[in-house]
Amino acid sequence: MATPPPHQPGPYAADLPAVPAWLNKGDNAWQLTAATFVGIQSMPGLVVLYGSIVKKKWAVNSAFMAFYAYASTLIVWVLLAFRMAFGDRLLPFWGKAGPALSEGFLAARASFPATARHGTPRTEPYYPEATLVLFEFELAAITLVLLAGSLLGRMNIRAWMAFTPLWLLFSYTICAFSLWGGGFLYHWGVIDYSGGYVIHLSSGVAGFTAAYWVGPRLKSDRERFAPNNILLMIVGGGLLWLGWAGFNGGAPYAPNITASVAVLNTNVSAATRLLTWTCLDVIFFGKPSVIGAVQGMMTGLVCVTAGAGLVHTWAAILMGVCAGSVPWFTMMILHKRSTLLQKVDDTLAVFHTHAVAGLLGGVLTGLLATPDLTALHSHVPGARGAFYGGGVAQVGKQLFGALFVVAWNVVVTTGILLAVGLVVPLRMPDDQLRVGDDAAHGEEAYALWGDGERFDVTRNEAARAGAWGNGGREETVDHGPAGMGARGVTIQL
């Protein structure tokens, strides 16, 4: 009789500690994949989109703001923030801070300690804590990257470097714990499937508030801010769209039925939203705007996020239509009639594409969430939308949850920026704003002259002396889309 081979340790070991009894390899593989998809949305998705959707002189700075936010979030996340958002309860809206760095913590089974209450067992996915830390980090990081879209083209990079960790600690962790980690809104039954409130409403409101305190771009930049590379902008938008499969597919913390429904609904809503926005552009402006199509796709993704795995696919189409019309109206019509919206320079219209669409998605979820799908995801017995017997109570919960997120972000974002402003100016001076990337970083995005040598700024100043010599104002001749009759269909607000 042959002697059995000796035990060989490795990744496929059948016993402890490599494969503990609670580990499900399929769940773990999907959650790591979902985390990677979400990461691709930020790196390179939004980095590429931001670097291409702005003027050439702001391409480097815009991309780097996203790049820096992603990196800084990860370090703060593992040092303190993860357990503030998903750890033991400290306050009804906040978890106890602590590191997520040790083997003993990261190799143990993932859990949400504060989700246990009144006999309800706490949520415990079938993979290690390290996987959960990574997935939730990606969601936190993209929130800050989205927020940056409101501030492109003028924020002092040193102020941004100070702002990002503070906002993560004192704003994001509060909303995440309250709605996801076992806080008071979670136990009350406010539904936020995958970040309609925690990520999109938060980033939109905080971005708008930050834009108010930082101040506007130069007048010439506000009037003419055409993209420097529309093809790359589409690439960035495409990465954002495809990456959303991880965003909403990873929300159930397992590759279950809810995840499958969510991924399908996500794509259906985005496509519906893109077509709706494009049709409205054609009807009212005569031309389909590519920038508008990207904006439309994004608002469809945002709107469905609050209830992606909890609604029928026909409801996802309805949410796409609503997300294709309501934010379009607030951006194209209401914005031009509102003194406040005109005053605040929200560079990429994050307020409309994320705050408005996120709020809309939360309310529609309160109406359209089906009892069967909601029961697979929610810990609250009998949770359902108003159209399925949930009554106005669920809609009321959704509105209250939105009010909390809005109020908290306005107050905390204001406090953080006022504090940072005492140490470093929030806005770059006008002379640096006229130059852009070269003044902020000593680098430029493209070598479009000579044999790759740096552009001589003094020569640029001399060539444009006529434009800037008239009271410091730059000419406003527009050779972009807005100057060719397609007014109102781009992001120039």
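Modeller: A crossing of two helices is right-handed if the near helix is turned clockwise from the far one by less than a right angle, and left-handed if the turn is anticlockwise. In this predicted model, the crossing of H4 and H5 is right-handed.

Colleague: At what angle do H4 and H5 pack, and how far apart are their axes?

Modeller: Helix H4 (residues 129–148) and helix H5 (residues 157–181) pack at about 125°, and their axes are 10 Å apart.

Colleague: What makes H4 oblique to H5?

Modeller: Roughly perpendicular covers 65 to 115 degrees, and roughly antiparallel requires an angle over 145.

Colleague: Why are H1 and H2 called roughly antiparallel?

Modeller: The cut-off for roughly antiparallel is an angle over 145 degrees. Helix H1 (residues 25–53) packs against helix H2 (residues 59–86) at about 160°, with axes 7 Å apart. This value is over the cut-off, and H1 and H2 are therefore roughly antiparallel. H1 also passes H2 in a right-handed crossing.

Colleague: How do you know which residues of H1 meet H2?

Modeller: Contact means heavy atoms within 4.5 Å. Among the residues that meet are Gly39, Ser42 and Tyr50 in H1, and Ala59, Ser62 and Phe67 in H2. By class, this contact has 8 nonpolar, 4 polar and no charged residues. Gly counts as polar.

Colleague: What is the volume of the largest pocket, and how many residues line it?

Modeller: Its volume is about 690 Å³, and 32 residues line it. Thr123, Tyr186, Tyr253, His377 and Ser378 lie nearest its centre. H4, H5 and helix H15 (371–377) each supply at least two lining residues, and H4 gives the most, with 3. By class, the lining has 18 nonpolar, 9 polar and 5 charged residues.

Colleague: Where does tyrosine 253 lie, and what is its phi?

Modeller: Tyrosine 253 lies in the loop between helix H9 (230–249) and helix H10 (257–285). Its phi is positive, about 65°, although it is not a glycine.

Methods: Residues numbered from 1 in each chain as written. Predicted model: local features only at pLDDT ≥ 70, side-chain atom pairs only at ≥ 80, totals over all residues. Heavy atoms only, no water. Axes fitted to C-alpha atoms, helices over the stretch in contact; angles between N-to-C directions. Helix = DSSP H or I, 4+ residues; strand = E, 2+ residues; numbered from the N terminus. Parallel < 35°, antiparallel > 145°, perpendicular 65-115°, else oblique. 1 Å grid on protein atoms, 1.4 Å probe; cavity = no way out; pocket = protein on both sides within 12 Å on 5 of 7 lines; lining within 4 Å. Points joined across faces, edges and corners; volume = space filled by probe spheres on them.
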